Amino acid sequence: MGYVDEVLVKVKEKNASEPEFLQAAEEVLESLRPVIDANEELYRREALLERLVEPDRQFKFRVPWVDDKGQVQVNVGYRVQYNNAIGPYKGGLRLHPSVNIGIIKFLGFEQIFKNSLTGLPIGGGKGGSDFDPKGKSDREVMAFCQSFMTELCKYIGADVDVPAGDIGTGAREIGFMYGQYKRIRSVNEGVLTGKGLSYGGSLARTEATGYGLLYITEELIKCHGESMEGKTVAVSGAGNVAIYAIQKAHQMGAKVVTCSDSTGWIYDPEGIDVALLKEVKEVKRARLTEYAAMRPSAEYHEGRGVWQVKCDIALPCATQNELLLEDAKQLVANGVKAVCEGANMPTTIDATKYLQENGVWFIGGKAANAGGVATSALEMTQNSERLSWTFEEVDAKLKGIMVNIYHNIDDAAKRYGMEGNYVAGANIAGFEKVANAMLAQGVC
Ligand code: NDP
């Protein structure tokens, strides 16, 4: 039995109750097969894969807090410190009722490779709780965050482990957690990212994921001898990633003709009006029907349908599993050239395969949406320097990072005879750096 298969058998035996983690481990190890086969003897002797799939450590703790009725509530908190071979653990805190140790491990494992791809010194970690901030008062959210941080603060630090936001953890929650950390530890340090601008947050973090997506897409297109100028782009979603992706695409001379939310989608042949979209989504927090009502050139459609529109470039920026096989077939039939993922896992596995087999240039989220975490790492740098960079400085660094990611994943795919397979290239490039650091640091 080959080394990958041997390790997968052990992983399945040891983690049978964690399906999400098993899926992630299997997907990553499968795509790394060429690299692992080429170094099998060394990696096996060093038990490299066994060490990679086992977190450095994981914490599970009780989070008691008092609700507005005076009732004590108890949630479970988690932090998985997965791998710090190349830098302090870094990864978000998810607050959602679905959170369990398997989900946190799956996200933490994936984070190792995404963080490595940025080229910045950040390891992989993830955390969170089964607490649901939806429907809670500000005071209840603060009570939870303070209790959560009272325990978490024992395990994190600016050079140790730097959590960030994720689903359910926005600026409000990060603020409450940061306040409690400071109160207990008496230090002002970059222990969390996604902070408010007045207390250590970074300019351009809001725009980073959408802008980063366009920087890597532009490089991809350029390296195939074309330009963004005049291209028709289909975007899904109307949230943080989608809005700034649309804005940057327009700045590059492309025309974005679609966007969507969880109830419907817009086709606007004149090009999406970003100022109006921001007004509808960021200020009024309204549905897209409101956009259509104020924009004569726009058509509103109920349900899903963004991928039916003829386009040169498709950028899924909404949610997981939103680009299905039938969508991939329609996109190919309409002559799409590139699909780059702004969201996490928006394209199903069969759709990805179909796009790749039909010559579409496809960059997965691990590489294409890494601009968010990269800019979080730039926030850490600014905090360590006790300086705040201008928007232009952060943006220029973000662009450099995304262009670099493109060339790294392209080179990695070519080195293993899989030219143009940017998904495999991303896993390989992310893995190689971590593997080399682990080997250099001996058995630990
Ligand atoms: P937001 O919550 O700001 O926006 C998500 C958007 O997608 C909303 O417009 C939402 O609609 C829409 N949406 C949700 N479900 C569906 C659906 N089933 N069909 C169509 N549209 C849907 O999230 P973000 O923009 O921050 O994140 C989007 C994706 O990008 C996620 O997968 C996230 O994990 C990923 N990501 C985000 C990063 C960041 O920095 N923000 C970094 C890396 C990845 P509605 O308005 O109705 O809620």
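The legends below describe close-up views of a predicted model.

**View 1. Domain 1 and domain 2 of the predicted model.** Domain 1 covers residues 55–189, and domain 2 covers residues 206–368. Their centres, taken over C-alpha atoms, are 30 Å apart.

**View 2. The interface between domain 1 and domain 2.** About 370 Å² is buried between the two domains, with 62% of this area on carbon and sulfur atoms. On the domain 1 side, E110, K114 and L117 account for 78% of the area buried against domain 2, more than any other three residues. Contact between the domains involves 4 residues of domain 1 and 4 residues of domain 2.

**View 3. The salt bridge between K366 and E110.** The side chains of these two residues meet at 3.8 Å, N to O. Between domain 1 and domain 2 the count is 1 salt bridge. For polar contacts between the domains, the count is 1 residue pair, with both residues at pLDDT 80 or more. The residues on the side of domain 1 that touches domain 2 comprise 2 nonpolar, no polar and 2 charged.

**View 4. S186 in the loop between α8 and α9.** Helix α8 spans 171–185 and helix α9 spans 205–223. S186 is not a glycine, yet its phi is positive, near 55°. Because its relative accessibility is 62%, S186 counts as exposed.

**View 5. A204 in the loop between α8 and α9.** A204 also is a residue other than glycine with a positive phi, here about 75°. The relative accessibility of A204 is 7%, so A204 counts as buried; the cut-off for buried is under 20%.

How values were computed
Residues numbered from 1 in each chain as written. Predicted model: local features only at pLDDT ≥ 70, side-chain atom pairs only at ≥ 80, totals over all residues. Heavy atoms only, no water. Domains from an automatic or database assignment. Contact = heavy atoms within 4.5 Å. Buried area = accessible area lost by both parts, 1.4 Å probe. Salt bridge = Lys/Arg side-chain N within 4 Å of Asp/Glu carboxyl O. Polar contact = N/O pair within 3.5 Å; in protein donor to acceptor, adjacent residues only side chain to side chain. Nonpolar A, V, L, I, M, F, W, Y, C, P; charged D, E, K, R; others polar. Helix = DSSP H or I, 4+ residues; strand = E, 2+ residues; numbered from the N terminus. Buried < 20%, exposed > 50% of the residue type's maximum accessible area, 1.4 Å probe, protein only.
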